[in-house]
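User: Please take me through this model step by step, giving for each feature the general idea and then the case in hand.

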Amino acid sequence: MTTRPEHMRNHWWWRPGWNVGRRFYTWHLTFGGQMDVHRFAEEYRTALAGTEGLDPIPDQWLHLTMQGIGFIDEVDQADVEAIVEAARVRLAALPAFDITLSTPILDPEAVLVPVQPDGPVRAVRNAIRAAIGDVLPEVPEKAEGFRPHVSVAYSHGEGQAGSIGQALDVTEVPPAAARVESAELIVLHRDNRMYEWEPYARVHLG
């Protein structure tokens, strides 16, 4: 995105299939123990604290969305286990890598931070999609349009975006480095105006 939005919109509208209590299998990169990422996110939480309409993301729920599988009541658990095993084989062929988070972008629904380099992240996603394709007749979600990023806040309402943009303009935060050594399959929900989850399986790279 090259042009900042003038207005924010509610990220938490109920997308098709979602409701309170429903759970979803999806792959994420997560950042437990990545203290530099936590430092980076905290500095932006502090910088954005005076703005309205944002839900800052706690360290526990920082993530890079990768690839969904489906709602847990629609996917056979045996298929999920088979996908995990296929992913172990495919991700073992990819080396661990480092990413950097630097300058946030204001999206109408979030303050998000692109990650660089994005090539290794895309390679992990492609491997996960291939693993799903090894098991299911169709891989959900489009391969195209993937933008590797880590959000630091979500918008929870409709309103002007100016104060958020101004807060970002006057904030200088040193970039954060993260080491990616695994991908995690999680059971996700959004009951509490936040993406929260239980871990299902962690698959290591290399």
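Analyst: A residue is called buried under 20% relative accessible area, exposed over 50%, and partly exposed in between, with a 1.4 Å probe and protein chains only. The model is predicted, so local features need pLDDT of at least 70 and side-chain atom pairs count only at pLDDT 80 or more, whereas totals for chains, interfaces and linings use all residues. Residues are numbered from 1 along each chain as its sequence is written, and side-chain values use heavy atoms, with hydrogens and water left out.

User: Is arginine 193 buried, exposed or partly exposed?

Analyst: Arginine 193 has a relative accessibility of 40%, which means that it counts as partly exposed. It is found in the loop between β11 and β12, where helices (H or I, at least four residues) and strands (E, at least two) are DSSP runs numbered from the N terminus.

User: How should I read the backbone, and what is the phi of arginine 193?

Analyst: Most residues other than glycine have a negative phi, and most peptide bonds are trans. Arginine 193, although not a glycine, has a positive phi of about 55 degrees. Glutamate 141 also has a positive phi, near 70 degrees; this residue lies in the loop between α3 and β8 and, with a relative accessible area of 41%, is partly exposed.

User: Which residues are joined by a cis peptide bond?

Analyst: The cis bond joins glutamine 116 and proline 117, with omega at about -10 degrees. Glutamine 116 belongs to strand β7, while proline 117 sits in the loop between β7 and α3 (119-135). At 46% relative accessibility, glutamine 116 is partly exposed.

User: What does glutamine 116 touch beyond its sequence neighbours?

Analyst: Contact means heavy atoms within 4.5 Å. Not counting residues up to four places away in sequence, glutamine 116 touches Ile99 and Thr100. Its C-alpha atom is separated by 8.6 Å from that of aspartate 98, which is 18 residues apart from it along the chain. Leucine 101, with its neighbours within four places left aside, is in contact with Val37, Phe40, Val113, Pro114, Val115, Val150, Pro175 and Ala176.

User: Which strand does β7 pair with, and in what sense?

Analyst: Two strands pair if DSSP finds at least two bridges between them. β7 and β8 pair in the antiparallel sense over five bridges, and leucine 112 stands opposite serine 151 in β8. Strand β3 (residues 54-56) also pairs with β8, antiparallel over three bridges, with proline 56 opposite alanine 153. β8 is mostly covered, since six of its seven residues are buried.

User: What is the volume of the largest pocket, and how is it lined?

Analyst: On a 1 Å grid over the protein atoms alone, a pocket is an open set of points where a 1.4 Å probe fits, with protein on both sides within 12 Å along at least five of seven lines, and lining residues have an atom within 4 Å of a point. Points are joined across faces, edges and corners, and the volume is the space filled by probe spheres set on them. The largest pocket has a volume of about 1000 Å³; of its 30 lining residues, His11, Arg15, Thr65, His149 and Tyr195 are the closest to its centre. At least two lining residues come from each of β2 (24-30), β4 (63-71), β7 (110-116) and β8 (149-155), and the largest share, five residues, from β4.
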